[in-house]
Amino acid sequence: MRRSELDNWGERLTRRLAGRLSRRSMLSRLGALLVAAPAFPLLPVQRARAADAPAAGTDFSRNAQTHDDTACNYWRYCGIDGNLCSCCGGGVHSCPPGSQPSPTSWIGSCINPDDQRAYLIAYRDCCGPNECNKCSCLNTDHAMPIYRPQANNHVIWCFGTNSFEYHCSMAVLVGLAQ
Amino acid sequence: MTPGIGRAAGRGRALLPALALVLCGPAVCAAHGPGTGVSRLTPVQVAYLTSCGGCHGVEGVSAPQAVPTLRHLTGSFLCTRQGREFLVRLPDVALSSLSNRMLTKVMNWVVFDLGAPAAGGRAARPYTVAEVARLRSEPLTQTGLTPYRDRVVAGLQARCGAPAALSVYGAAYGPGATPGVQPTS
Amino acid sequence: MKKTAHPASRAAGAALSLLIGAGLGATAWASGQAPPAKSPPVLQSETAGVTPFAGLSAHQISYSALDGLEGGGVRVIDGDTARLVASVYSSQYANFEWSPDHRTLYVSETYWALGNRGKREDVLSIYGGPTLSNQGEIPLPGRLISDPKTHTFALSADGHYGYVYSFQPAPAVSVIDLPARKVLTSVEIPGCGLVFPFGPRGFASLCADGSLAVADANAQGQYKVRRTKRFFDVMNDPVMDESAADERSGLALFVTYDGWVHPVHLADTPRFGKPWSIEQAAGMSPATSQVGQITWRPGGQVPFAYEPSRHRLFVLMHEGAPWTFEEPGSEIWVLDVRTRALLHRWAVPQSAYLVAVTADAHPLLFALSQQWLWVMNAQSGTVQRATQIVTPGLVRVGGE
């Protein structure tokens, strides 16, 4: 869920550029792809575009990394919109003390560049305290408009907690899509 | 990330306390990748999660007053014809992008796996593809969906002893909220 | 009461009397007698009133702050002077709309009694009059809590009805009789969202399956909802929430992530025009969601502004990959929606998240970046002036 990501627009831009500039790791991954030709798991949402999508990840996963979960291009964050709980005293699937996890979220799928497999990620919010305002990211890979709420990251997903005050967003791993 | 723990699909268990983030419960983690600790999701589960799981919860539970709880409850809808048809005629079900075949599998998973047990313990036959195709051609897109659900649920509770928990959804979810207005037709 | 005062207090009283007497020249007080009967003195040289507000004028723009961290509220800026002219309080996640005469401001907002918890109040607050003062509020049965989206709140073209989109417990639109200050009904729109008004009492909503829901009331005020055919591919190229619409004419310009414009004449039976591609209007191949296709795409917080009198659509455009529909625009593209031609491409001084255009004969074009409002000539694209703003959420201009 996006709130004041515009505040950290400069920071976010820097993080994105940093992600794109890791050419060496990206090239090595591309090399592995050409050799291994992995089976690319197709999700329902991607099936319709199978005919025209090359089997080499998404625009986001091509620039993603798997070692730093405080950066916007961390592989799980392909659809995250808001502050990273990892920078707010919590973790990628843990709410900071003082906040509560929401049971609702939107569930997206991101490709792990290490194995080129698609995983379902639940972008659950932590609610209660005022907005954390750190590590603001705006990634909208396959995010839908608000009239299709099950895949939208602007609805305040704090249903079922004690408060509708948004604090930060997690990226909780649900499972591997086969 | 907690490692996956083997559990049989469909076996009921108590919900964990809210503070423990449940990554996969028995309804979803039917199988696990070798040595990775990450649950492998079947295509039916993936379809449920991407189409429904965001609002209804990975385990079929989210915010009960704001979003209908599916876990342990959807099985009850099979008890009356009206309830059975209602589930497929819901607009987010009927008008989803899933094919008739996949939607049928998802609905059977939602009522028999996620939604067990059925009300009154009666056996119910699974949805068929032909049935789902017919029902989704008549989606409930008119105003007054929430009061209609109330009537369906009242029927399930009266005739089949369906749980009172079915009535939690739609109740005033906060002070200051007023109930919806009656439908026009 | 004592006949004689305590010596100390009497001395103090006398001293005080002298002080007042010295200032006022009312020597009668010094003797302890009652002051003469006359009007109380006016000490101030100036009075402190309120600068009069005559309604949102043609060249003024109002915008809401993106969130509460930056002060919140709705602010009015004059485009000719780039000055702040008025401010009104609002909660986080608020939406707002002006009455057709631009003198009354309605703010759709939500409060909790203890800030982030406690009794919840959803209200439509009303501001107006010569001092734009609060004139009370209308309690609402609920409203969607989300980041700011233009079409979650709207007025009918004649200003008689307000429409508030709500999400709990199910998608619905509250219809409010504004003069009577009463919620008339709640119209459920299962599987759909947002409000695009047409006619006296009708509205359309976008639906999760790629169709429209159309709601209208009969003479008794009872609403029926109908669904149209699917007119866009929601899974691959959905229509953007912030699509533009003109309530008076009922023309909606539903624009997709990939820049396809679907002109739809909103009515009880909507008329769907043939879609056209913004990129093709510029002589390029249409944008697609194919992985790796870097091309010009619409994007931003409010990427579209429509000027009905000259049929101009102003679009914030950026160059990027698929699924980047919220990236700010480095250019504003100006298109004629009748001829479907690209007229201009103008650079913006800073990448902009919102765009707005006034509806008068000498229109101003507003581009809003993270902390600046840029005022441009809407016919030439020349930047005329700028002012600092707080991070913007939504915009409304006069003449809408």
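**Note on strand β13 of chain C**

1. C:F203 stands opposite C:A215 in β14(C), and the comments below concern a predicted model, in which local features need pLDDT of at least 70, side-chain atom pairs count only at pLDDT 80 or more, and totals for chains, interfaces and linings use all residues. Residues are numbered from 1 along each chain as its sequence is written, chains are lettered from A and ligands numbered from 1 in the order in which they are written, and side-chain values use heavy atoms, with hydrogens and water left out.

2. Strands here are DSSP runs of E with at least two residues, numbered from the N terminus. On one side of β13(C) the covered residues are C:G202, C:A204 and C:L206, while C:F203, C:S205 and C:C207 are buried on the other.

3. Strand β12 (residues 192-198) of chain C pairs with β13(C) in the antiparallel sense over 5 bridges, where pairing requires that DSSP finds at least two bridges between the strands. Across this pair, C:G193 has C:L206 as its bridge partner, and C:P197 has C:F203. The two strands form a hairpin with 3 residues between them, and C:G199 in the turn has a positive phi of about 60°.

4. β13(C) also pairs with strand β14 (residues 212-217) of chain C, in the antiparallel sense and over 4 bridges. Their hairpin has 4 residues between the strands, with C:G210 at a positive phi near 95°.

5. The open sheet of 4 strands has the order β12-β13-β14-β15 in chain C, with antiparallel pairing. Its edge strands are β12 and β15 (223-227), each of which pairs on one side only.

Terms used: Buried < 20%, exposed > 50% of the residue type's maximum accessible area, 1.4 Å probe, protein only.
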